[in-house]
Amino acid sequence: MVRLFGPNPMNILVCVKRVPATTTRVAILDGKRLNPEGVEFVLNPYDEYAVEEALRRKEAAGTGKVTALSLGTADAQKELRQVLAMGADEAVLLAHAEAGFADAATTARQLEAEIRKRGPFDLLLFGKQAVDRDQHGVGPMVATKLGIPCITEVVNLDIADGKVTAEREVEGGRETVSATLPCAITCQKGLNEPRYANLKGIMAAKKKPLDTVQVDLSGAVVEVLEMAAPAPRPPGRIVGEGAAAVPELLRLLREEAKVL
Amino acid sequence: MSTILVVLEVRDGSVRPVSHEVLGAARALADESGASVIALATETCAADAAHLGAAGADRVLVGAAERHSPDGAAATVARVAKENGASCVLLAATARGRDQQGRIAALLDTGFASDCVAIDAKGPVFTRPVFAGKALIKVQIHAGVAVASLRANHFAPAGRTAEAVIESCSSESGKSEVVEISAKSAGRPDVAEAARVISGGRGLGGPENWHLLEKVADAVPGMALGASRAVVDAGWRPHGEQVGQTGKTVSPELYFAVGISGAIQHLAGMSSSKVIVAINRDKEAPIFQHATYGVVGDALEILPALADELQKLGLQ
Ligand SMILES: Cc1cc2nc3c(=O)[nH]c(=O)nc-3n(C[C@H](O)[C@H](O)[C@H](O)COP(=O)(O)OP(=O)(O)OC[C@H]3O[C@@H](n4cnc5c(N)ncnc54)[C@H](O)[C@@H]3O)c2cc1C
Ligand SMILES: Nc1ncnc2c1ncn2[C@@H]1O[C@H](COP(=O)(O)O)[C@@H](O)[C@H]1O
């Protein structure tokens, strides 16, 4: 299912998601989900690092294949084409009309099944989080189901002779984690600088394989009972101008807000 | 009797303070449902029975692993959860907690709720932010066990008088291991966990002016330094300090935004702070719309005055 090819990872899978752009103003539909009307969708920013890392690893090995996999609505073909234009070799879309807001467990189950069919892979790459549900979980969930190690929120990655050494930021410091291939990595900002697709890449992407498979998403474990806007902040006020306002600011912080 | 399992976070041989908030949440949940609280450290550590008991634990299990193994630790948690028929597994929503929650849920064949800000014992129903805090969802986990990570500064420690029973337990081994931890910001708490934060943006003019923020932070106990992305991208500050959508999410009691315009991606990381103070030269800056208190003016002139006045207060 997942196997080690050689000294350098060559057969690489990268999981990507179509998400609302970070500038999205959230409007809520039926008290339960995002109203997609007027929302601009993009490739999840953290998945750009994952794609870039996959391409660099393949380039460094001089041989191999990068497959992009996404569970998404039919529209996610756009983001997969973008990944192909960046340089991935082929893409697979697990399509479902309601895929956009699936919980991590449901998503992981679908991705795992497809990975078992398409593998073996040496390296699985994920973003550290998808900026819609912000779950931080699909990568480690998939890896756990496949029985392979996973290192999360990686900012520095070294792979040599099948040995993986990765650095991750933790509160107040950095952690170095070691593992062996096959391995999953979730990518954090700082790992690399994602490339842009150039015109040649965009033209080439049109001819690359993009399979679409319809999937069944029934049986979600995590039920969303309600979605609501956060309580509005009470209106604030300008205390004053310049250094002269400092004593009054401190008085308010101590006596009114009671936070000092 | 059902059990709520709390995964303690260990660093340098001791339990990290964020775990006390998780224990407090577990205690509240347990008291409402008549459950007991087991606290589990998957690696060896100094566990203080009185301290952890007061924080909410009935039993404390201390594992035998010398080093943290991400997959090994998750396997230990899943095993202990099964052995004790846990109905709920709670973690801190830290780098470690985020790393563990999905693995534990996968091993227990369930789902999880990440970065929760509230829990209703009936259900239980977990409240958590989505779209970087632009909306909140309430979720229920339909499986035998619910796994959830809890955001710092949202759950009160228990503070009761009770002693926990401490037992040792075996640890599962894994295929990955933490081989080194290097501390970066000696002395100051991490921005994601601190109860008070002062962040600087491009308006500070350059890294040479950061000592002005540090002076303020030095005068306030437990105050962490944060930064906007503009400043991190410019190389003035490390990424570990970045607050916002692609940095850390913070929700301290007090957040100072100094020379920060208040872009939507920055707001995404700090808008749930209890009190927000904005210091900005431009009175039209969007940050003022989100601030509890604003001071208009030059940060380079206001910060020294602020540091002076704070020092006079002699805060402990
Ligand atoms: C996908 C994506 C993700 C992003 N993620 C993040 C993120 O995680 N965090 C983040 O912060 N940003 C993020 N951004 C960037 C964000 O859009 C803004 O560009 C950034 O927050 C601006 O930083 P700033 O406020 O320091 O700088 P500016 O916007 O340049 O603001 C500087 C402010 O300082 C004020 N000023 C100038 N001089 C002085 C002075 N002497 N005294 C007082 N005030 C002064 C100015 O009036 C101005 O308001 C992201 C953007 C994108 C596209
Ligand atoms: N629907 C999806 N299709 C493909 N990959 C996904 C999907 N959802 C999440 N992922 C991957 O898992 C990472 C973390 O997502 P999450 O756990 O939802 O925050 C993302 O950055 C993607 O790499």
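This is a predicted model: local features need pLDDT of at least 70, side-chain atom pairs count only at pLDDT 80 or more; totals for chains, interfaces and linings use all residues.

Me: What makes the site of ligand 1 a shared one?

Reply: Residues from chains A and B surround ligand 1, so the site counts as shared between chains. The shell holds 25 residues, and the closest are Ser228(B), Thr246(B), Ser261(B), Gln265(B) and Asn280(B).

Me: Why is the pair between Gln265(B) and ligand 1 called a polar contact?

Reply: The cut-off for N or O pairs is 3.5 Å. A polar side-chain atom of Gln265(B) sits 2.7 Å from an oxygen atom of ligand 1, so the pair qualifies. Asp298(B) passes too: an N or O atom in its side chain is 2.9 Å from a nitrogen atom of the ligand.

Me: How much of ligand 1 does the protein cover?

Reply: On its own the ligand has 990 Å² of accessible area, and the protein covers 78% of that. Helices α6 (229–233) and α7 (264–270) of chain B each give two or more residues to the shell.

Me: What is the make-up of that shell by class?

Reply: 15 polar, 5 nonpolar and 5 charged residues.

Me: Which residues of α5 in chain B are called buried, and what covers them?

Reply: Buried means under 20% relative accessible area. In α5 (residues 210–219), Trp210(B), Leu212(B), Leu213(B), Val216(B), Ala217(B) and Ala219(B) are buried. Their cover includes β14 (196–200), β15 (223–227), α6, β16 (254–258) and α8 (299–313) of chain B.

Methods:
Residues are numbered from 1 along each chain as its sequence is written. Chains are lettered from A and ligands numbered from 1 in the order in which they are written. Side-chain values use heavy atoms; hydrogens and water are left out. A residue is near a molecule or strand if one of its heavy atoms lies within 4 Å of it. A polar contact is a pair of N or O atoms within 3.5 Å; within protein, one must be able to donate a hydrogen and the other to accept it, and residues adjacent in sequence count only if both atoms are side-chain atoms. Accessible areas come from the Shrake-Rupley method with a 1.4 Å probe; for residues, only the protein chains shown count as cover. Helices (H or I, at least four residues) and strands (E, at least two) are DSSP runs, numbered from the N terminus. Ala, Val, Leu, Ile, Met, Phe, Trp, Tyr, Cys and Pro count as nonpolar, Asp, Glu, Lys and Arg as charged, and the others, Gly among them, as polar. Buried means under 20% relative accessible area, exposed over 50%, partly exposed in between (1.4 Å probe, protein chains only). Contact means heavy atoms within 4.5 Å.
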